[in-house]
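User: I have a structure to read and would like to learn how. Please take me through it feature by feature.

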Amino acid sequence: MKVVPSRSSEWVSPVTSQKPASAIIEIDRVSQVFQTSARKDHLALSNISLTIDEGAFVSILGPSGCGKSTLLYIVGGFVSPTSGVAKIKGQAITGPGPDRGPVFQEFALFPWKTVLGNVMYGPRQQGVRASEAEAQSRALVEMVGLKGYENFYPKELSGGMKQRVALARTLAYHPEVLLMDEPFGALDAHTRTRLQNDLLNIWERDRKTVLFVTHSVDEAVFLSDKVVMMSKSPGRIRQVIDIDLPRPRRRNELLLDPRYQKYVVDIERMFDESDEVGTSS
Amino acid sequence: MMSPAAVLKRAAPVLACIGLLAVWQAAALVLKNDSFPTAVEAIRAIPDILGDKEALINILASLRRMAMGFGVAVLFSIPLGLLMGRSRAVAAFFNPLLMVIYPVPKAALMPIIMLWLGVGDITKTLVIFLGVSLPVIYHSFEGAKAVEEKMLWSGAAMGLSSLQRLVRIVLPAALPEILTGCRTGLVLALITMITSEMIARQSGAGNILFNALDMGQYDTVFAMIIIVGAMGICLDAIFERIRARLVRWSEPQFDMPLSFS
Ligand SMILES: Nc1ncnc2c1ncn2[C@@H]1O[C@H](COP(=O)(O)OP(=O)(O)O)[C@@H](O)[C@H]1O
Ligand SMILES: [Mg+2]
């Protein structure tokens, strides 16, 4: 297992040209200070530097409150960092844009739209003709396993189904980067496993760049090419671990694979050593 | 097929009306007072009023003012309330103003408005406007404030500008709350309509009512009360139907059978 300390310049600094994959997202010395109600400054993120290669599946793993969501929101352009800069394809991020598609733990579906209406929303906004947007959206709804539910309203769906719709809604406008913030965190274990499998299948098909926030070690190892381990107070990167497991990954094979098990155990031990394993976010 | 409970639920308002009229009838028969006609006498006077051309014109004029006041108030208050709910600066600017206006009975402002604008349609419509605005602003504000931020972020990521987000996300998301405010506003419109005509006696349903009172035509007074009341009940029922249609997506999917109702 290759464990790289966070200070290493290998993935911190500007990408070197000999790398085959090119950097799509660069986070450069980003810090985030929040004002707490006691009027004290709270350093949520401290000097975060991270480069994400195009087409990579990168997980951000850490205990609750270590700033995972904040980091994702900065990349999304929903929050602007107190200092430092985040870039996409060399351009400083100044706000949200359709090149970065978020999927939130809270689903955040439009409740007044049907499943199909939600999925069509992005393409329609981008000026795709209604008939074309509908055809594409129907295909996406089918891809996330919701054929037959096109005309259901979000309130009529289970949590897992809502998250499938949210994923389809984001995929529908073809963002280059998926930003997923504990998307399966609110789901029961069984549904969560199924969605992880489905997400992997979808991802292995078109290899979009994914930045995936989770506090589950298994989830991070199962899905990712790279796991960014964060620690708390202040939120900073502890370690970045490359997950060298073959793809396509099949859950039943992987769980029996000693390499997978070693990653999980090692990462858990590293969190245990600093006694800061988070249980929820 | 409706279950007996559902039939009873549907019939409940009608039964309540009949019950009320029966109590009225009994009380009037017992009291035998000139200024308290029986329910039957009052109901008998209704066709006379509705058959009178002048009275009809008056009532329609009332309804027109009410529709104007309500319509303009809604068109003005929803955008204002939504903006206040989404922008701290807008809320900070308008909040003190609204807090001062809120507890003032709008009819109490009528003498001043009459002084400036006369006793015509404009004054009365303005008072209705004022009466309707506040609940609609308040509910739009609360609705807009409660819109989930992640929903707006999702919209922003799709490329919606802040104005588009206000119209295409905040407005529909807050619609259930907005319509609750509008329903209150509609009843208030009726109340302020009658009140305004009571103060500026010139035309309208309120004018008929108070003229009849002056002339001691008590059956007409009570008939007008029934007519105005029926108007209120009908308007509310129609509005409720429209509201329920518009926000079907937010209501529980199935009507819970309330076994004790
Ligand atoms: N808008 C905010 N205002 C104040 N503090 C915040 C805000 N957002 C996050 N924080 C704080 O920053 C820290 C990191 O939060 P977050 O990014 O949500 O962590 P995580 O997603 O890892 O659980 C937490 O201590 C949280 O309380
Ligand atoms: Mg979080």
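**Reading the ligand shell**

Analyst: Start with the residues around ligand 1: Phe34(A), His42(A), Ala44(A), Pro63(A), Ser64(A), Gly65(A), Cys66(A), Gly67(A), Lys68(A), Ser69(A) and Thr70(A). A residue counts as near if one of its heavy atoms lies within 4 Å of the molecule. Some ground rules: this is a predicted model, local features need pLDDT of at least 70, side-chain atom pairs count only at pLDDT 80 or more, and totals for chains, interfaces and linings use all residues. Residues are numbered from 1 along each chain as its sequence is written, chains are lettered from A and ligands numbered from 1 in the order in which they are written, and side-chain values use heavy atoms, with hydrogens and water left out.

User: Which N or O atoms lie 2.7 Å from an oxygen atom of ligand 1?

Analyst: Look for polar contacts: pairs of N or O atoms within 3.5 Å; within protein, one must be able to donate a hydrogen and the other to accept it, and residues adjacent in sequence count only if both atoms are side-chain atoms. Gly65(A) places a backbone N or O atom 2.7 Å from a ligand 1 oxygen. Ser69(A) uses a side-chain N or O atom, also at 2.7 Å. For the side chain of Thr70(A), the distance is 2.5 Å. On its own, ligand 1 has 560 Å² of accessible area, and the protein covers 62% of that. Such areas come from the Shrake-Rupley method with a 1.4 Å probe; for residues, only the protein chains shown count as cover.

User: Which element gives the most to the shell around ligand 1?

Analyst: Elements are DSSP runs, numbered from the N terminus: helices (H or I, at least four residues) and strands (E, at least two). Here β3 (41–53) and α1 (68–76) of chain A each give two or more residues. The top contributor is α1(A), with three.

User: What is the area buried between chain B and chain A?

Analyst: The size of an interface is often given as the accessible area lost when the parts come together. Buried area is that loss (1.4 Å probe), summed over both parts. Between chain B and chain A the figure is about 2000 Å², with 64% from carbon and sulfur atoms. Trp153(B), Met158(B) and Trp249(B) supply 38% of what chain B buries there, more than any other three residues.

User: How many salt bridges does the rule find across the interface of chain B and chain A?

Analyst: Side chains of opposite charge can pair when their charged atoms come close. The rule wants a side-chain nitrogen of Lys or Arg within 4 Å of a carboxyl oxygen of Asp or Glu. Across this interface it finds one. The partners are Glu106(A) and Lys150(B), whose closest N and O atoms are 2.9 Å apart. Over all chains, the count is 22 salt bridges. One of them joins Glu176(A) to Lys89(A), at 2.6 Å between the closest N and O atoms. That pair links distant parts of the chain, 87 residues apart.

User: Where are the cis peptide bonds, and which residue has a positive phi although it is not a glycine?

Analyst: Most residues other than glycine have a negative phi, and most peptide bonds are trans. Cis bonds join Ser233(A) to Pro234(A) and Arg247(A) to Pro248(A); omega is about -5° in each. Pro234(A) sits in the loop between β10 (226–231) and β11 (236–242) of chain A. Pro248(A) is in the loop between β11 and α7 (251–254) of chain A. Phe107(A) has the positive phi, about 65°. Its loop runs between β7 (100–104) and α2 (115–125) of chain A.

Methods: Buried area = accessible area lost by both parts, 1.4 Å probe.
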